Amino acid sequence: MLLRASGEIAGTDLDVQAISDRGAADASGIAYADVLLAFADAVVDDDEEQLAAARARVRRELGDAQLVDAAAVASNFERMVRIADSTGIPLDPPMAVLSEELRGTLGLERFGSAANTPAQSTAERLLGPVARRTASGVLRLVGAARRLTGYA
Amino acid sequence: MAELGYDGVSVRVRDDLVDAHRRAWQRLARPGTWWTGAERVGIAAEVRAAWTCALCARRKEALSPSHADGEHDQASALPAAAVEAVHRVVTDPGRLSKPWFDELIATGLSEGHYVELIGVTVTVVSIDRFCRGLGAPLHPLPEPQSGEPSRYRPATAVSDGAWVPMIPQRNVSGAEAGLYGELPRTGNVIRAMSLVPDEVRQLRALGAVHYLSERQMIDLTAGRTIDRAQIELIAGRVSSRRECFY
């Protein structure tokens, strides 16, 4: 959800489908998406040759400092997913409402850890679309204001 | 023993990452809240053993992890329940379940021991995976320090929707003042470790250098040498590949 939000505040439409489908990388609107997705996959997978190739591609196409930052982020989320899954935490309530559509788009409900989040109430389901449109509009307005004032 | 560093690596690692990793390694060797220094280093050894554990590999391939029996390739003197917890969290986190957790606790592993074990496990996973991402050798595990765990359990931790007790946002005071940082609201993934407050502190310290500081997190334009969308793309992809709903 933060990916979509970062696009909204930047005033660009990002296609988040690339998170679950690497074939959608080119259409994502994110620079070097395919290079970074290949690297993220290689960090998760156990194939050292695949990782060496992905690492070399990040260095060649983005740079050394970008490789360090990409490795730091990937390894950070190797930590965060394990905390979430091993402690059985539910989604935070505002996130559960705001991310319902996105979870459907990415097919996240099929994951076993979805069982840790209670089903949404009727009121939350009704509120969801309104809350999502409002949040999206606010982010776009804030982003536009920041760009106008040169703060972005 | 030589201090942890990245001198032989072909890319320059940011100083804040080096400092955070050094502190994490020093802390790993010290007695914690529920485990001794030797046990904490034993947990770290199990993290590394799990990647090549034959039972873990069979379970990973099985339709259900319970379909594969046997013993883990153990690398420490930790109790069997602790070894099971570390190996499963490392190799198959997406299929952990409440019944699995309840069974561990029923064997006598306390909730405090479990939360600290998770904290040590994910710290080592994170630093090891960072090294692997860069093509750097894994850091040698530190020599354990002697001493007794503090056995501190915050009185304000309560059952709050997760498998483990957590300190509610409104209850961070006294020894836990500032535990969740300066933002008015923190996520469950931070509160998840709060039964062992030092593990929350560790988590926040590593998160600030691997990902973003808390202030940067709420500024959706904040990035590093890769921009925010690129950061969130990697974050989302790793989470999705690990089948994490959160």
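## A helix on the inside

Helices (H or I, at least four residues) and strands (E, at least two) are DSSP runs, numbered from the N terminus.

How far apart are the end C-alpha atoms of α10 of chain B? They are 20 Å apart, and this agrees with the 20 Å that its 14 residues (228-241) should span at 1.5 Å a residue. The expected span is 1.5 Å times one less than the number of residues. Just after α10(B), Glu243(B) takes a positive phi of about 60°.

## What kind of model this is

This is a predicted model, in which local features need pLDDT of at least 70 and side-chain atom pairs count only at pLDDT 80 or more, while totals for chains, interfaces and linings use all residues. Residues are numbered from 1 along each chain as its sequence is written, and chains are lettered from A and ligands numbered from 1 in the order in which they are written.

The pLDDT is the predictor's confidence in each residue, from 0 to 100. For chain B its mean is 94, and 100% of the residues reach 70 or more. The complex as a whole gets an ipTM of 0.95 and a pTM of 0.91 from the predictor.

## Chain B as a whole

Chain B is built with 10 helices and 0 strands. Its radius of gyration is 18 Å, close to the 18 Å that the globule rule gives for 246 residues, so chain B is as compact as a globular protein of that length. That radius is taken over C-alpha atoms, and the rule is 2.2 Å times the number of residues to the power 0.38. Along the principal axes, the C-alpha atoms of chain B fill a box of roughly 50 × 45 × 40 Å.

Of the 246 residues of chain B, 46% count as buried. Two residues are in contact if their C-beta atoms, placed from the backbone, lie within 7 Å. Among contacts in chain B between residues at least 6 apart in sequence, 66% join residues at least 24 apart.

## One side of helix α1(B)

Which residues of α1(B) are buried? They are Ala20(B), His21(B), Ala24(B), Trp25(B), Arg27(B) and Leu28(B). These residues cover an arc of only 165° around the axis, which puts them on the same side of α1(B). The arc is that of the directions from the helix axis to the C-beta atoms. Their packing partners are α2 (37-50), α6 (111-134) and α8 (197-210) of chain B.

## Where the chains meet

The contact takes 61 residues from chain A and 61 residues from chain B. On the chain A side, α4(A) gives the largest share, 24 residues. By class, that side of chain A has 40 nonpolar, 12 polar and 9 charged residues. Ala, Val, Leu, Ile, Met, Phe, Trp, Tyr, Cys and Pro count as nonpolar, Asp, Glu, Lys and Arg as charged, and the others, Gly among them, as polar.

## Two loop residues

Tyr32(A) has a phi near 60°, a positive value in a residue other than glycine. Tyr32(A) sits in the loop between α1 and α2 of chain A, and it counts as buried because it has 20 C-beta neighbours inside 10 Å.

Arg151(B) has a positive phi too, near 55°, and its place is in the loop between α6 and α7 (188-191) of chain B. Is Arg151(B) buried or exposed? With 10 C-beta neighbours inside 10 Å, Arg151(B) counts as exposed.

Methods
Buried ≥ 20, exposed ≤ 12 C-beta atoms within 10 Å, placed from the backbone.
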